[in-house]
Amino acid sequence: MSQQTVFRFPTRTSFGDLTSYQEPIPVPSTHEVLIKVRAISLNSRDCQIATSQYPFPIKDNLMPGSDAAGEIVQVGDGVVDFTNGDRVVTTFDLNRLYGPSKHPIATQAGGGLDGVMAQYIVRPASAVAKVPVEAPQSFSELATLVCTGVTAWNALFGNNRLIPGQTVLVQGTGGTSMTALVLAKAAGATTIVTSSSNDKLRMVQEKFAPDHCINYTTTPDWAAEAVKLTGGKGVDHIIEIGGAGTIERSLAAIARGGTITVIGYLAKFDPASGPAPDIPLLALGKEAMIRGIQVGPRCMLEDLVAFVARRKLRFQIDREFGFSREEVIKAYDALAGGKHVGKICILVH
């Protein structure tokens with residue numbers, strides 16, 4: 001077989017713009033590997049890109065998707081760290097081995113570069129992480145580690161490292177929040193989950209057993225409740241997905257010297273609620289760190305993969321879809337619908 005099915009967005013006005021193509025299976029060069037894609041994990045970023053709402057420039061005729069897990073089927077002559085049959089996950093940013101990103105989008109898969117929505121992809125060997133043989137996770141679970149996994153790892157361990165016994169609050173029940181919950185529990189933290197849905201909180205309680213759940217609709221001042229749950233100390237780490245609309249509450253909930261990691265911007269500030277908060281002054285008063293991150297480097301992906309393999313951690317896959325145009329569009333619709341707990345994935349045949 002020399003041809004494969006790939007999906008691209010020649011235009012980006014809706015999910016329905018997704019178009020199927022038959023293209024040659026790429027051939028790896030000296031320092032590259034060819035990967036048979038087995039599973040793709042979607043992120044809210046993918047929905048934003050597909051509808052031209054992402055705030056960074058995007059490649060024309062983009063092959064979407066950043067998160068893939070699969071098997072190596074061919075290696076370049078200069079590759080020594082991988083062999084055929086290895087299970088692997090790809091990196092979010094192909095050129096980010098260590099430290100902060102040098103460019104906001106240029107070398108990110110499914111954004112500045114073609115992504116993973118194909119049966120086969122070529123990657124530099126330096127942009128791939130090997131999965132230990134003993135790792136129990138499915139290909140879908142492994143695919144979720146690329147973006148949401150590394151984002152959660154970076155938030156909890158990338159700078160002001162989580163210490164066992166500290167408290168972690170995650171906003172919402174989406175992929176990054178649930179991954180952070182699993183990692184925080186495995187690291188010995190007390191965990192708090194917020195959501196507007198009692199049904200989602202019940203599901204989270206059953207599947208993940210967080211220490212506390214807060215419905216922010218019935219308890220609008222969830223920050224005061226979080227402080228109460230910590231005996232007045234406040235939360236040590238907050239995974240901030242709301243952005244402008246929730247950062248004031250997060251600063252009210254954070255412990256002195258705590259860390260708020262901004263990974264999203266889903267909630268807008270409502271001018272009708274009053275004057276905009278003085279975020280720098282509130283942060284100063286708490287001596288709090290507010291840290292924005294966009295995923296993380298390959299070294300964090302390798303650390304994460306090793307950790308979840310050793311601890312046998314499992315991750316919540318809400319739904320899996322097939323690799324047809326109709327099924328991929330359904331996957332996008334399911335993600336945009338916001339009813340999921342955990343991740344939406346695509347299985348590639």
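This is a predicted model: local features need pLDDT of at least 70, side-chain atom pairs count only at pLDDT 80 or more; totals for chains, interfaces and linings use all residues.
Along the principal axes, the C-alpha atoms occupy a box of roughly 60 × 40 × 40 Å. Ten helices and 15 strands make up the secondary structure of the chain. Of the contacts between residues at least 6 apart in sequence, 71% link residues at least 24 apart.

Buried residues account for 54% of the 349 residues of the chain. The accessible surface amounts to about 14700 Å², and carbon and sulfur atoms contribute 53% of this area.

Helix 3 comprises residues 145-157. A straight helix of 13 residues would span 18 Å at 1.5 Å a residue, whereas the end C-alpha atoms of helix 3 are separated by only 15 Å. Because 13 of its 13 residues are buried, helix 3 is largely enclosed by the rest of the structure.

Threonine 148 is located in helix 3. The relative accessibility of threonine 148 is 3%, and the residue therefore counts as buried, the threshold being under 20%. Beyond its neighbours within four places in sequence, threonine 148 contacts Asn43, Asp67, Gly175, Thr176, Thr179 and Lys343. Isoleucine 35 lies 113 residues from threonine 148 along the chain, and the C-alpha atoms of these two residues are 21 Å apart.

Methods: Residues are numbered from 1 along each chain as its sequence is written. Side-chain values use heavy atoms; hydrogens and water are left out. Helices (H or I, at least four residues) and strands (E, at least two) are DSSP runs, numbered from the N terminus. The expected span of a helix is 1.5 Å times one less than its number of residues. Buried means under 20% relative accessible area, exposed over 50%, partly exposed in between (1.4 Å probe, protein chains only). Contact means heavy atoms within 4.5 Å. Accessible areas come from the Shrake-Rupley method with a 1.4 Å probe; for residues, only the protein chains shown count as cover.
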